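Thanks for making the time, everyone.

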Amino acid sequence: MLRKTPVQKRTRQTLDVIFEATAQLLQSGGGKGLSTNAIAERAGFSIGTLYSYFRDKTSLLRALVLREFARQEAQFAEALETHRGLGREAIVRAAVRQGFAPFAGRHRVRRYLLGLLGHDAELQKALHEMVDRMTERLIEAAGLRSETMPAARRFILVRAALGPIRAAVMREHRLVGTRELEDELVRLMLFLMEQDTAPARSV
């Protein structure tokens, strides 16, 4: 995907600028007129510099999605740790809020890139693996035992919230980011958790 491995600080900074320029263009235009030339111009680099990292626009966008997956997973883990010991509802609410967090609230960016998932098996696989890891973290942080929770319930626990969040973002629904939707998703996830009868410890 990347033609260069971002080892050096300068390389990472260059990639950050390219990704930010891409996000800005997606947020302002929703993908209309997005091209490698437009991205390079917004980033302030030559088109040659951009092509030294990415072979085309598609590879750049895929790298942006995977980068966001990694950041989202790290922020999810951090949020759970921050709320550990504050009670199950606080932990679940933190998890739900992280569901709205990708791309720093730039929902047009998120909507455009979500559209790529339906046509990219590698990105879909990366997403499901990430959600599975996040689910295990949430179960543990909530004081439950993963092995005592039915596989089907583990599968839908986090996805039960991500589905409505994705639908709201894709439709630009008025509920995006509202406390109303957050409360309903928290209630749903708590209900699923409360069906588990073997807590590991009180929280």
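Predicted model: local features only at pLDDT ≥ 70, side-chain atom pairs only at ≥ 80, totals over all residues.

On confidence, the chain has a mean pLDDT of 87, with 91% of its residues reaching 70 or more. Among the elements of the chain, helix H2, residues 36-43, has the highest mean pLDDT, at 95, while H6 has the lowest, at 82.

Let me return to the cavity. The structure holds 1 cavity of 30 Å³ or more, and the elements giving two or more residues to the lining of the largest cavity are H4, helix H5 (88-99), H7 and H8. There are 13 lining residues, and those that lie nearest the centre of the cavity are Phe76, Ala95, Val96, Val158 and Leu162. By class, this lining divides into 10 nonpolar residues and 3 polar ones, with no charged residue.

Now for the largest pocket, which has a volume of about 410 Å³. Its lining is made up of 20 residues, and nearest the centre of the pocket lie Leu114, Leu117, Leu127, Leu162 and Arg166. Helices H4 (57-83), H6 (107-117), H7 (121-141) and H8 (151-171) each supply at least two residues of the pocket lining, and H7 gives the most, with 6 residues. In the lining of the largest pocket we find 12 nonpolar, 4 polar and 4 charged residues.

Which helices are linked by the salt bridge between glutamate 122 and arginine 62? The two side chains meet at 2.6 Å, N to O, and the pair links distant parts of the chain, with glutamate 122 in helix H7 and arginine 62 in helix H4, 60 residues apart. In total, the structure holds 19 salt bridges.

Finally, a word on the aromatic residues. The structure holds 1 aromatic pair. A contact of another kind involves phenylalanine 155, where arginine 159 lies over the face of the ring, at 4.1 Å from the ring centre.

Technical notes. Residues numbered from 1 in each chain as written. Heavy atoms only, no water. 1 Å grid on protein atoms, 1.4 Å probe; cavity = no way out; pocket = protein on both sides within 12 Å on 5 of 7 lines; lining within 4 Å. Points joined across faces, edges and corners; volume = space filled by probe spheres on them. Helix = DSSP H or I, 4+ residues; strand = E, 2+ residues; numbered from the N terminus. Nonpolar A, V, L, I, M, F, W, Y, C, P; charged D, E, K, R; others polar. pLDDT = per-residue confidence, 0-100. Phe/Tyr/Trp six-rings, centres within 6.5 Å; stacked < 30°, edge-to-face > 60°. Lys NZ or Arg CZ within 6 Å of the ring centre and 35° of its normal. Salt bridge = Lys/Arg side-chain N within 4 Å of Asp/Glu carboxyl O.
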